[in-house]
Structures are given as C-alpha cells and as structure tokens.
Amino acid sequence: MGWAIALHGGAGDIPFSLPEERRAPREATLRHCLDLGVAALRANRPPLDVVELVVRELENSPCYNAGKGSVLTTAGTVEMEACIMDGNTNNCGAVSGLSTVVNAISLARLVMEKTPHIYLAFDGAEAFAREQGVEIMDPSHFITPENIERLKNAKEANRVQIDYTQPIKANSTNDQGDSQIGTVGCVAVDNHGNLASATSTGGLVNKMVGRIGDTPIIGSGTYANPFCAVSATGKGESIIRATVARDVAALMEYKGLSLKEAAAYVVEKVPKGNVGLVAVSANGEVTMPFNTTGMFRACATEEGYSEIAIWPVDSNGISEDSQK
Ligand code: ASP
C-alpha cells in the first residue's frame with residue numbers, strides 16, 4: 001500500500017490537432033499541479049488537504065473550466081460549483097451558483113466543516129462565503145474573452161455543450177482546439193489508505209441559468225468512501241443518470257471488483273463521448289478511464305508510476321501524446 005494521486009482537467013472531444021500553444025500550457029499546469037500534490041502527500045498532508053490544494057491551483061488557472069476561466073451561462077454569467085468528500089468519514093460539502101468566490105472548492109470544504117448541511121447554492125452560498133471571509137472578486141474577474149467567444153459560438157450553433165465539444169460553430173469544425181478547456185478534479189490516497197475527492201467546474205457552455213450539473217452531486221461527479229475516491233467529468237446530465245462515482249465504489253464494495261474493473265465497467269455503461277473519471281483506491285491503485293476522445297489527466301504513485309496525458313495510451317503503455 002502506498003500513496004497515489006490523480007487529477008483531471010476535463011474529458012471531451014479533444015481534437016488530435018490541438019495546437020501546441022493550447023496544449024503546452026495545459027500540460028504544464030497539469031504537471032505543476034501533480035508536483036504540488038505529490039509534494040504534499042510526501043509531506044504527510046492529509047488527502048483532504050491535498051485534493052483541496054490541487055483543485056485550488058487548477059481553479060486559479062484560466063486554462064481550465066473552473067474558477068477563473070469558468071464557461072458562461074446563456075445569460076453570459078458565471079455559475080461555479082464544486083464538491084469535496086472525505087473517504088473515511090463520508091463527510092462532504094458542495095456549492096453551486098457562485099459568481100464571486102475565487103476558490104469554490106474551499107467554500108465547499110467550509111460547508112462541510114462549518115455548517116450542519118452538505119450543499120449550499122446561489123444566494124445562500126454567496127452569503128456564507130462572505131460570512132466566512134473567503135476571497136471574493138467582482139463577477140467580471142472570472143469571465144475571460146475566450147469564454148465570451150465560446151458562448152457566442154455555442155449560441156450561433158444553438159447548443160449547450162461540454163466546453164470542449166466539437167464543432168462549436170454551426171457550419172464549421174473548430175480544429176484549432178479553441179474550446180479545449182475542462183472541469184477540474186483531484187483524488188488522493190495516503191499510505192494509510194485515507195481517501196479524498198474534489199471536483200470544481202463552471203459547468204457547460206450556454207447552460208441555462210440555475211442549471212446544476214454532476215460535479216456538486218455526491219455520488220455523481222464526486223465521491224469518496226473507505227474503498228476509493230472518484231472525480232468524474234463530461235456531460236453532467238449523463239453522469240447524474242448513471243450515478244458514476246458512487247457506482248464505481250459500489251461495485252468494489254458489493255461485488256468485490258478491483259478499482260480498474262469497477263471504473264471501466266461504469267465508463268463503458270455511459271453513452272460514448274460523455275464521461276471520463278480519475279480514481280484511486282485505498283491500496284494505492286489508480287485509474288483514469290474515459291469514453292471521450294481525450295481527457296486532460298495526470299497521476300503518480302508512491303511506487304514510481306507517473307503519467308501526464310490527453311489522448312489514449314496505446315497497449316505498450318506509451319501515451320499517444322508523446323508520439324505526436
Ligand atoms: N461535468 C461538467 C458539467 O456537466 C462539465 C465537465 O466535466 O466539463 O457541469
């Protein structure tokens with residue numbers, strides 16, 4: 001048994017032609033966040049702290065669809081959501097409908113630790129953020145020119161889309177990868193088998209105002225128990241229908257499947273192109289399956305395995321990314 005960590009920056013139809021200038025900063029962010037998480041685990045920080053730390057860093061990167069860089073609702077506003085869960089205790093906290101909170105994941109943790117509740121949304125969540133004194137910014141801080149463009153394109157195509165779904169224009173395909181950003185998540189286990197999961201997102205481009213996705217829903221986008229920790233990404237409505245994260249844990253608990261078997265089974269059951277997840281088990285196993293074209297992802301284990309990839313890895317274990 002050893003520590004393990006895995007993180008993602010969203011799954012979707014990521015074109016193999018993703019230009020270097022769009023790919024490189026995202027890979028660099030994954031690498032930086034992985035290093036941060038590994039250092040924290042090596043320093044014996046609790047997995048709950050580790051996943052919060054890593055997701056905060058991912059939220060602060062405009063490369064990904066969480067915190068600054070969140071995609072826009074049909075009204076051109078940001079409504080961020082996040083969830084965190086501790087495997088040992090099943091304690092969890094979630095938030096939705098945030099437009100000013102810099103790190104939604106930390107507010108989710110405060111909901112978990114400082115309230116008798118699990119999930120706060122919209123005005124109540126914003127009021128709680130002020131009461132707790134977390135960092136806030138004017139809503140305009142979170143809105144990037146890229147996301148204004150993404151919303152415009154989605155509206156022209158009359159689509160609600162996973163931020164990276166192609167094509168984003170009504171009559172043309174976007175092989176520039178301009179919309180290649182995604183929801184973020186992190187799962188970690190320490191060498192005592194303590195597990196935690198965290199996920200944070202801006203949701204879907206052109207989503208209805210008030211729409212809540214899978215990310216903050218315990219057992220859908222985020223889940224941790226004494227067997228495993230899971231963070232999912234993809235089309236929220238499909239992930240909620242399939243209770244993706246909880247199903248992985250349930251297959252391990254009730255059917256005795258390994259983490260890899262359980263996660264592969266669940267991902268296979270969700271309609272193709274709709275889901276990806278990262279997961280770790282209490283004994284330090286790690287898996288990162290997806291049924292989309294790609295998923296921005298990274299992992300490391302105490303035994304020395306490490307991977308940073310976007311597209312599938314071939315049967316020799318070589319990432320197709322490095323072959324490009
Ligand atoms: N699952 C997120 C949602 O539907 C989107 C994503 O993973 O990119 O809100």
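Two strands are taken to pair if DSSP finds at least two bridges between them. Helices (H or I, at least four residues) and strands (E, at least two) are DSSP runs, numbered from the N terminus. The structure is a predicted model, in which local features need pLDDT of at least 70 and side-chain atom pairs count only at pLDDT 80 or more, while totals for chains, interfaces and linings use all residues. Residues are numbered from 1 along each chain as its sequence is written, and side-chain values use heavy atoms, with hydrogens and water left out.

Strand S3 (residues 92-98) has pairing partners of both senses. With strand S2 (residues 80-86), S3 forms an antiparallel pair over five bridges, in which Met85 stands opposite Cys92. Five residues separate the two strands of this hairpin, and among them Asn90 adopts a positive phi near 65°. With strand S4 (residues 119-121), S3 pairs in the parallel sense over three bridges, and Ser96 has Ala121 of S4 as its bridge partner. Between S3 and S4 the chain passes through helix H3 (residues 104-114), giving a left-handed β-α-β crossover. A crossover is called right-handed if, with the strands pointing away from the viewer, the path from the first strand over the helix to the second runs clockwise. Seven of the seven residues of S3 are buried, so this strand is largely enclosed by the rest of the structure. Buried denotes under 20% relative accessible area, exposed over 50%, and partly exposed the range in between (1.4 Å probe, protein chains only).

An open sheet of four strands has the order S7-S8-S9-S10 with antiparallel pairing. The pairing of S7 with S8 is antiparallel and extends over three bridges, with Tyr223 opposite Val230 in S8.

The largest nonpolar core contains 53 residues, of which Ile5 and Leu7 touch the most other members. Helix H3 supplies the largest share of this core, seven residues. A second, separate core of 38 residues includes Tyr223, Ala224, Met252 and Leu259. A nonpolar core is a set of buried Ala, Val, Leu, Ile, Met, Phe, Trp, Tyr and Cys residues joined through side-chain atoms within 4.5 Å. Contacts of Leu7 beyond four places in sequence include Leu30, Val54, Phe296 and Arg297, where contact means heavy atoms within 4.5 Å.

Arg297 is located in strand S11 (residues 294-301) and is buried at 2% relative accessibility. The side chain of Arg297 has a polar atom 3.0 Å from the backbone oxygen of Met295 and also reaches the backbone oxygen of Ile310 at 2.9 Å. A polar contact is a pair of N or O atoms within 3.5 Å; within protein, one must be able to donate a hydrogen and the other to accept it, and residues adjacent in sequence count only if both atoms are side-chain atoms. Beyond four places in sequence, Arg297 touches residues including Leu7, His8, Glu307 and Trp311.

An unreviewed UniProt entry carries a "binding site" annotation on Arg211, Ile212, Gly213, Asp214, Thr233, Gly234, Lys235 and Gly236. UniProt positions follow the numbering used here, feature names are shortened, and annotations may be inferred rather than shown by experiment. Arg211 is found in the loop between strand S6 (195-201) and strand S7 (222-224) and is buried at 13% relative accessibility. Among the contacts of Arg211 beyond four places in sequence are Glu79, Glu81 and Gly236. Thr233 belongs to strand S8 (residues 228-234) and is buried, its relative accessible area being 1%. The side chain of Thr233 reaches the backbone nitrogen of Ala11 at 3.1 Å.

Most residues other than glycine have a negative phi. Phe122, in helix H4 (residues 122-132), has a positive phi near 50° and is partly exposed at 27% relative accessibility. Thr243 lies in the loop between helix H6 (236-241) and helix H7 (244-255). The phi of Thr243 is also positive, near 35°, and Thr243 is partly exposed with a relative accessible area of 34%.
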